[in-house]
2 protein chains.
Amino acid sequence: MEEPGSIRPGGRTARVRAAVLRAAGDVLAERGFAHLDLTDVARRAEVGKTTVYRRWGTVTGLVADLLTDMADQSLPRARTGSLEGDLRANARLVQRTLADPRQGNLFRAVIAAATCEPRTTEALHRFYDTRVREWAPCVEEAIDRGELPAGTDAEEVVRAVSAPLYYRLLAAGGPLDEATADQAANAAVAAARAGAFVR
Amino acid sequence: MEEPGSIRPGGRTARVRAAVLRAAGDVLAERGFAHLDLTDVARRAEVGKTTVYRRWGTVTGLVADLLTDMADQSLPRARTGSLEGDLRANARLVQRTLADPRQGNLFRAVIAAATCEPRTTEALHRFYDTRVREWAPCVEEAIDRGELPAGTDAEEVVRAVSAPLYYRLLAAGGPLDEATADQAANAAVAAARAGAFVR
């Protein structure tokens, strides 16, 4: 395992990692977690099999690293100046991601794997923790501006925006369109204003 | 395949079905969808293998029938007299189900299977449609009483109660306790009152 400091962006190590994670994401999106295999990923990524086994060890190790990379690569929070604007931007970003064929399948595959793989579950929770912390300042600033009650749990408000979109994707079905995203954002704002997320 | 009318409650056909679905649920909860096997289910249910193959055909057929049975067996909606009371009862029912080790694992397994099995996806969507239709009158009656804006989408309000609980179970993690359930119900009521679910 390399020290984090040794992975220079653009260096050989970073290029290998990018190629392997891209190939792993392709397999997950096309075929699902059950078909993820380190030898196949190495072949697709045109990277030596030994390198892949030495660096990632197992498919769960590879998925955990993919989730770390997805958190690192994800877009920064919006700064529209209003809580509605920021949470609508968040909802639309989540909706576009889940409605995108490759990304939607990738999330489905990783979430399915997490239902029975404790290490993937932990990596998935870390991914959402990172995303929620990135967007929580949108809510914290609204509390500071007096738009939301003091004591509002900013992270819970951010989670409330995503929840209806993931519920459609994974459980109940139904369209995952922009109107769904806007409804999710509006509902979270209305509930937050009414004090539903005060700790 | 038997005609529905021929399955008498308490009859042999119903007893066989109950034993097979119980065994299928046990395997899903203990080991997950990947380990579901009709021969193993027949053995656990103490039912002839030929009967199981003739009646359910495939593991996806068996899971679809299990979901139909889960929808049939699920509890009727609450009638507390208030929207808050009804939706809180709904949230606590969902929370208790998902927090129960066997039921929570069963839902995780079926949802994981649905991410890559179109027939299971359809059966899962039918299950949630049935549950949402059972509870929608709680919201419709609140609209009739003038507690919620006219034009509120009753089924969306019911879905909004479940969404944060499933989001925790499947994606973001976090406690699945009674406080989480009550927060989900309160947020849905507040958002509905503010008109966030008006079509």
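Is Asp182(A) buried or exposed? Asp182(A) is buried, with a relative accessible area of 14%, where buried means under 20% relative accessible area, exposed over 50% and partly exposed in between, using a 1.4 Å probe and protein chains only. Welcome to this predicted model, in which local features need pLDDT of at least 70, side-chain atom pairs count only at pLDDT 80 or more, and totals for chains, interfaces and linings use all residues. Residues are numbered from 1 along each chain as its sequence is written, chains are lettered from A and ligands numbered from 1 in the order in which they are written, and side-chain values use heavy atoms, leaving out hydrogens and water.

**Chain A as a whole**

- Chain A has nine helices and zero strands; helices are DSSP runs of H or I with at least four residues, strands are runs of E with at least two, and both are numbered from the N terminus.
- Read from the N terminus on, the elements of chain A go α-α-α-α-α-α-α-α-α.
- The C-alpha trace of chain A spans about 55 × 40 × 25 Å along its principal axes.
- Chain A has 199 residues, and 53% of them count as buried.
- Its accessible surface comes to about 9,100 Å², with 49% belonging to carbon and sulfur atoms; such areas come from the Shrake-Rupley method with a 1.4 Å probe, and for residues only the protein chains shown count as cover.
- Take the contacts in chain A between residues at least 6 apart in sequence: 65% of these join residues at least 24 apart, contact meaning heavy atoms within 4.5 Å.

**How the two chains are related**

- Two copies of a chain are related by a rotation about an axis and a shift along it.

**Helix 5 and helix 6**

- In chain A, the axes of helix 5 (residues 83-99) and helix 6 (residues 101-114) come within 5 Å and cross at roughly 90 degrees; axes are lines fitted to C-alpha atoms, for helices over the stretch in contact, and angles run from 0 to 180 degrees between N-to-C directions.
- Helix 5 of chain A is therefore roughly perpendicular to helix 6 of chain A; that term covers 65 to 115 degrees, while under 35 counts as roughly parallel, over 145 as roughly antiparallel and the rest as oblique.
- On the helix 5 side of chain A, Thr97(A), Leu98(A) and Ala99(A) meet Pro101(A), Gln103(A), Gly104(A) and Phe107(A) of helix 6.
- The residues of this contact in chain A are four nonpolar, three polar and no charged; Ala, Val, Leu, Ile, Met, Phe, Trp, Tyr, Cys and Pro count as nonpolar, Asp, Glu, Lys and Arg as charged, and the others, Gly among them, as polar.
- In chain B, the axes of helix 5 and helix 6 (residues 101-114) likewise come within 5 Å and cross at roughly 90 degrees.

- Asp182(A) sits in helix 9 (residues 178-193) of chain A.
- Leaving aside neighbours within four places in sequence, Asp182(A) is in contact with Arg88(A) and Arg92(A).
- Asn90(B) belongs to helix 5 (residues 83-99) of chain B and counts as buried at 4% relative accessibility.
- Beyond its neighbours within four places in sequence, Asn90(B) is in contact with Trp135(B), Val161(B) and Ser162(B).
- The C-alpha atoms of Asn90(B) and Ala181(B) are separated by 8.6 Å, although these residues lie 91 residues apart along the chain.

**Residues in the loops**

- Glu46(A) is in the loop between helix 2 (38-45) and helix 3 (49-56) of chain A, and counts as exposed at 75% relative accessibility.
- Although Glu46(A) is not a glycine, it has a positive phi of about 55 degrees.
- Gly57(B) lies in the loop between helix 3 and helix 4 (59-73) of chain B, and counts as partly exposed at 36% relative accessibility.
- Setting aside neighbours within four places in sequence, Gly57(B) is in contact with Leu38(B) and Val52(B).
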